[in-house]
Amino acid sequence: MGILFRRKKIYYLLCVLAVLLICLSGDMVIVNDKVYSVFRVIWESPKEAAHICDIKRAFDSGVSGWLSLLLPVAALPFASCLSDERRSGFYLFEKGRQSPFCYFRAKICYAFAGNATILLGGLGIYILVIASLFPLNPSYGEMEVVGAVGVTVSGLCVHIVSKVVYLLIYGMVLSMFTGAFIYLYNDLCVDFCLVFLINYLFRRYFMGGFGL
């Protein structure tokens, strides 16, 4: 993992930034027929939305929609490294030093470690941002809701961890698809287009939408 990070460090930084920006672009509220993303809510702070903006809503808005569609970007460093190895023939040297099983096991570990580094980095920064800017529970003020139940810290943590684990597993699957396509046809543009297409079709027709 250390070698992979050093070789593709700039890719990791750019992908972490991409995950953060994707989360901030998630649609959060609609005020006066105007859609506000998480970033716009933070930047403009519309008073009409103050009573419904909390950490849970901000988190769900960030990790749903665009992030689920653009999740293959987390596989870029791993895919780029694997593509370079295939193009240079270095993978033959690696296979010669170890059994094919150990070689593929190492690549799976690299794929998971790279995917986890990017997602945990981007989501970690995003969670810190929304936790510092949004309340745990919305302040209803005069718009008191009968029977409203506040979110507890433990409940929020379980909710966030469950979605993060889901993203890690789903992102890992997409990384493996990307690696398989690189072995079949070593062209990053074509391979990523295929992975994005598969992800879109799966979420559109089998998951019933683009949310988590």
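This is a predicted model: local features need pLDDT of at least 70, side-chain atom pairs count only at pLDDT 80 or more; totals for chains, interfaces and linings use all residues.
User: What makes the pairing of Asp60 and Lys56 a salt bridge?

Analyst: Happy to walk through that one. The side chains of Asp60 and Lys56 come to 3.2 Å, N to O. A salt bridge needs a Lys or Arg side-chain nitrogen within 4 Å of a carboxyl oxygen of Asp or Glu, so the label applies. Asp60 and Lys56 sit 4 residues apart in helix H4 (residues 55–63), which means that about one helical turn separates them.

User: Which other residue forms a salt bridge with Asp60, and how do you know?

Analyst: That is Lys163, whose closest N and O atoms to Asp60 are 3.1 Å apart. The cut-off is 4 Å, so this pair qualifies. Asp60 lies in helix H4 and Lys163 in helix H9 (residues 153–184), so the pair ties together parts that are 103 residues apart in sequence. Both Asp60 and Lys163 are buried.

User: What makes Glu85 and Lys107 a salt bridge, and where do they lie?

Analyst: Their closest N and O atoms are 2.8 Å apart. With the limit at 4 Å, the pair is therefore a salt bridge. Glu85 belongs to helix H6 and Lys107 to helix H8 (residues 100–133), so the pair ties together parts 22 residues apart in sequence. The relative accessibility is 3% for Glu85 and 8% for Lys107. Buried means under 20%, so both residues get that label. As for networks, salt bridges that share partners join Lys56, Asp60 and Lys163 into one. The structure holds 3 salt bridges.

User: How do you know that the length of helix H6 is close to what is expected?

Analyst: Helix H6 (residues 76–88) has 13 residues and reaches 18 Å from its first C-alpha to its last. At 1.5 Å a residue, the expected value is 18 Å, and the helix comes close to that. Several H6 residues are buried, among them Pro77, Phe78, Leu82 and Glu85.

User: Why does Ser80 count as buried, and which residues does Ser80 touch?

Analyst: Ser80 lies in helix H6. Its relative accessibility is 4%, and buried means under 20%, so Ser80 is buried. Leaving aside residues up to four places away in sequence, Ser80 touches Lys8, Tyr11 and Leu188.

User: What makes H8 oblique to H9?

Analyst: Their axes come within 9 Å and cross at roughly 135°. Roughly perpendicular ends at 115 degrees and roughly antiparallel needs over 145, so H8 is oblique to H9. H8 passes H9 in a right-handed crossing. The contact involves residues including Phe104, Phe112 and Asn115 of H8 and Val164, Gly171 and Met172 of H9.

Notes. Residues are numbered from 1 along each chain as its sequence is written. Side-chain values use heavy atoms; hydrogens and water are left out. Helices (H or I, at least four residues) and strands (E, at least two) are DSSP runs, numbered from the N terminus. The expected span of a helix is 1.5 Å times one less than its number of residues. Buried means under 20% relative accessible area, exposed over 50%, partly exposed in between (1.4 Å probe, protein chains only). Contact means heavy atoms within 4.5 Å. Axes are lines fitted to C-alpha atoms, for helices over the stretch in contact, and angles run from 0 to 180 degrees between N-to-C directions. Angles under 35 degrees count as roughly parallel, over 145 as roughly antiparallel, 65 to 115 as roughly perpendicular and the rest as oblique. A crossing is left-handed if the near helix is turned anticlockwise from the far one by less than a right angle, and right-handed if clockwise.
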